[in-house]
Every structure is written in C-alpha cells, then in structure tokens.
Number of protein chains: 2
Amino acid sequence: MGVSVTSRALDLLGAFDGEHRSLSLTDLARRAGLPLATAHRLVGELHRWGALAREPNGDYVIGRRLWQLGLLAPVQSGLRQAASPFLHDLYGTTLATVHLAVRDGLEVLYIERLAGHVSVPVVSRVGSRLPMHATGVGKVLLAYAPEEVRTEVLGRLTRITAYTVTQPARLLEQLRRVRAEGYATTGEEMSLGACSVAVPVRRGDTVVAALGMVVPDLRRQLPRLVSALQVAANGIGRTLNASVEWNSGLAGARPAAEG
Amino acid sequence: MGVSVTSRALDLLGAFDGEHRSLSLTDLARRAGLPLATAHRLVGELHRWGALAREPNGDYVIGRRLWQLGLLAPVQSGLRQAASPFLHDLYGTTLATVHLAVRDGLEVLYIERLAGHVSVPVVSRVGSRLPMHATGVGKVLLAYAPEEVRTEVLGRLTRITAYTVTQPARLLEQLRRVRAEGYATTGEEMSLGACSVAVPVRRGDTVVAALGMVVPDLRRQLPRLVSALQVAANGIGRTLNASVEWNSGLAGARPAAEG
DNA sequence: CCCCTCCTTCCATTCAACGGAAGAGGATTA
DNA sequence: TAATCCTCTTCCGTTGAATGGAAGGAGGGG
C-alpha cells in the first residue's frame, strides 16, 4: 500500500523528539515503520542535504541545516520579542529559571527559557511540550483556556510524580484559585525537587501566554516571586499592545494544530 | 532527468532563508526550480505534516513542527550551555546586543544572541551566517583560523558598506593586531550605525568561538567593554574545560560542512 | 571460529510521482 | 460588464523513480 515518499521522509524526521535526539539507522527505520533498505536510502538523502548529521558513533541527529531552517519559523515571534527584555530582568532579579509558554492544543509549548545556574531539575526546553496539569505555566494557561479544552484535559490527568494532581475536582479547585489570585504554583508535580510559580500574560483581556519560574523551594519567597512575575507580565502585555504588528499564530485556538 | 522526490521536497524547504522567510507557492516553485503543479503537491504534503505553515495571506512559512525539530539539533550545545550565564551577565552589565559565534567554513555562524533594547541596526540572528571580514566575531575567528581559511577569505573581501575593509593587506594587519591585543573591532563595516568589539573564547589553547557585542559607538567605552568581554570569555573557557562532555561538532574544521 | 546485529548494495517489478493542460478564484483595468 | 492577468488548484494518462527482499560486508563478543 503506497504512501508518498515525502511523507515517509518526514516520518523519519518525526522519529526524533526530546527523548530521542540521537538514533541509529535501525531505530529510525523501526520508529518510522519503514523497511530498513528504504530507511537507508531516505536517511542517506536527508543526510546528504544536511537535514541529518551523524555523531561520531554513527548515530543520526538533527542536522545544522534543519536547525537554521527551524529558526526562521515565525513561532510567536512578536511575543518573544516583546518578552525578551522582561525575561532578562526577571532572571537578573531572581536568578531562577524563567519560562515563557503558550498553549498548543492540550499541551504547554515552551517558547522561551532562561536557564539559571541553580541546579534545579528542569525538564522543559524551548520547543518542548509538557502536560498542562503538572506545570505552573500549564495551570495558568488551563485556567484561562476555553471550557472544552479544560474538560478534555481534566479527563486525562496522567500521574508523573507522586505529587502530580490527578483528581479532576482538586485541579478544578486549583484553577479557580488561579483565576482568583492571579498566579499558579506547583510543588514537585512534574519533577521531584522542582517547584514553580506562574502568572498569565495578557494582551488586552486575553491571556496569550504564561510566564513562570522554577525554584527549588517556594515557601519563603512566594510573594516576592509573584510580584516580580506580575510586573514582568504586565510589562510584556503593555509592550504587546503597543506593538502594531498582530503576530501570526495564536496560542493554539484549535487542538492539535498539526495532523 | 529524474531527481528524487525527497530532494525536491528538501529543495522547497531550502527556498527559505533569512531574506525569504515567507513565500508564495509560485515563489517556492520558482526558487526550487519546480513545475508549479509539482510544487503544489509537495508543498501540500509539507504543510499537512507541519513542516510549513500558512500566513493569513496564504503565503508559506516554516512551520512550528520544523521549529521544534530544529531545536533538537545538537549545534554546539555544550558551548551554548556553558556560555549562557555569562552572556546574561554581559548583557546585564552593558545592555548591548551580545553575540556568541563560531566559524563554519568561510563564514561566521551565530549560535546565540541576546538582543538589547537599544536600537542599533544589528543584522545577525541566531542561525544566520555572515562574512567573516566585516564582523567583530568574524575577525576574531579569522585571526585564529587555519592559514588556508584566512587565505581563501582574504581572496574574496566583498564590500558591504562604505567602511568595509576590502584590502587584503589592511585586513591582515588588523588580524595581526587582533592576535597581539586580544580583541577585534569593527566600525560600521557590516551595517551603518553599528560598531562591534569581540574577543576569542578558548578551550585550552584552541579558539573555539568568539564573543562579541554591538554598540552604536565604541570610542569612549572600548576598554570597559573589552574587559567585560574578556572576563566572560575566560569564564566560558573555564566552564568548557570543567565540563566532561566533549561536544560534537567543532567550529567547522572543514570548509562547508554540508554539501 | 561462529553467531549476532547493524549497515550497505543490488536489481527486477510496479505503483507513486509527474507535469501539461484546463479550470477556478480574485484583483485590477477598461 | 467584460476583458486581462495574476496565482492557485485539480485532473489524469504515462513513465521512470521508488521499492524492499535478499544477499553481502563489517564489526564485535562469546
């Protein structure tokens, strides 16, 4: 049953993800569901073009050329540009890992990140997606997401650590408080040893993103961090309103943008 | 004369670059040298997969999925990680645009950048390439590049602004001073209104990258900026030495990494 | 030395890709 | 309103590029 070559080549690329950044030919073939000989030919072509590169051990990784291409993508570029200075300020003030994220379908998509020196186990990377219910930015985005999104997410609360909130009622209550108090927190719900705070970023009345930090412990400094985050979020919002260009690509109005 | 579908699809992607971040179907077909009907079919497939996205006006841009893929590429990740905090420090201290770049073949490849609020006309973007002879980081990398690279670059000094150094002898003299004094400068050689300073980043005795800044004017603050840069560069070098992982992908030992 | 895994090459068959041509949509001009 | 010029989309008979099973290295570990 014939599938187009193009989609097969793309499937090979799609075999890479955050957990599989380096794959052998056999792995690639297996993950893309292709016969080895076919994978061999296609991977060769991708490699020749620069889409894939080889590591010293022969495994394949995403190549420099795809990296360059990807950087041309207008992914929330308006938002990122507006946010950049504020993220630096935040980082300078708190020295914590700072995140800017938007909702993409039913997940959180991290679009900017400043990594702190502090060794907190942070899972997120720019370009990675995480579940909404276990991250600070996720809870914020979920709190302000359309009803239907909330319903669907609440239906599948996967457990990640022992502290992940998996009871819909409890999460709903948390989301209510997020809306009431203006910020969300997590405590080791995504990875042990990491807590987070996050606040919404608004353009006008619409929440377009979430701004968050990851720290080893929240207890003592919560009010200070919330204030800092809110100041930054307000600044970003104001900058967004000031900028004329309505950026393309909203925070994922439809679930699962790519099919 | 048949060419593989895969390479045609890749050629379509290759039609995008820093100056063409958004293309109509017709443009894509023209730039990739494909019949319109063929381009239409392939672009459709790329779009369906998420490699391309459409702007409101129907033009195509690089899609979110390629953006995510590209971010998985191990492009100097060790260096970037080591440099990140120092770049922030530099930015915090000087509020100028800060650059981290490596040599890739005969060009400079920008791998990290912190954009200042200050409105200086900066051309570089992360992932972009610029000629070595007209940028601060480029002069540094050229000064420490293998003889053969220097020779080839000196052979084609293209003029970009009225101030670009295009006489081989003059550039050679500048490179000699870079090695002697430990830093390079440019004055509106790449874009009018922008000056730059840069210093080498060493791992052991090898120059593996260049660290630079762009400012509107150098005169008054040159010594201060050079000091700040050198402190940061030393810090990065020390961090690199400390880190065990020898990162893949050097600063472009061979010209033109991708064929 | 044998066996196992992973990679590479080969080549006859066939099915997906091809692209010219015609049509749809939209904008601008007469 | 019609005519003209874009760019985009669809169609379909022909053909040659893609296919993948099989066989042949290459390494390496027992």
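Mentor: Happy to walk through this one with you. Copies are superposed by least squares on the C-alpha atoms of residues with pLDDT of at least 70 in both. Keep in mind that the model is predicted.

Trainee: Thanks! Which residue of chain A comes closest to the rotation axis?

Mentor: Chain A can be laid on chain B with an RMSD of 0.2 Å. That takes a turn of 179 degrees and a shift of 0.1 Å along the axis, and the two copies are thus related as by a two-fold rotation axis. At a C-alpha distance of 2.4 Å, the residue of chain A that comes closest to this axis is Gly70(A).

Trainee: What area is buried between chain A and chain B?

Mentor: The contact draws 54 residues from chain A and 53 residues from chain B. Within chain A, Arg64(A), Trp67(A) and Leu72(A) lose the most area to chain B, together 17% of what that side buries. Of the interface residues of chain A, 96% are also interface residues in chain B, so the copies meet through the same surface. Carbon and sulfur atoms give 63% of the buried area, which is about 4,800 Å².

Trainee: How far apart are the centres of domain 1 and domain 2 of chain A?

Mentor: The assignment for chain A puts domain 1 at 5-70 and domain 2 at 77-242. Taken over C-alpha atoms, the separation of their centres is 33 Å.

Trainee: Which side chain has an N or O atom 2.5 Å from a phosphate oxygen of DNA strand D?

Mentor: For Arg8(A), a polar side-chain atom lies 2.9 Å from a phosphate oxygen of DNA strand D. Leu25(B) uses a backbone N or O atom instead, at 3.2 Å. The side chain at 2.5 Å belongs to Arg41(A).

Conventions
Residues are numbered from 1 along each chain as its sequence is written. Chains are lettered from A and ligands numbered from 1 in the order in which they are written. This is a predicted model: local features need pLDDT of at least 70, side-chain atom pairs count only at pLDDT 80 or more; totals for chains, interfaces and linings use all residues. Side-chain values use heavy atoms; hydrogens and water are left out. Contact means heavy atoms within 4.5 Å. A polar contact is a pair of N or O atoms within 3.5 Å; within protein, one must be able to donate a hydrogen and the other to accept it, and residues adjacent in sequence count only if both atoms are side-chain atoms. Domain bounds come from an automatic or database domain assignment. Buried area is the accessible area (1.4 Å probe) that two parts lose on being put together, summed over both.
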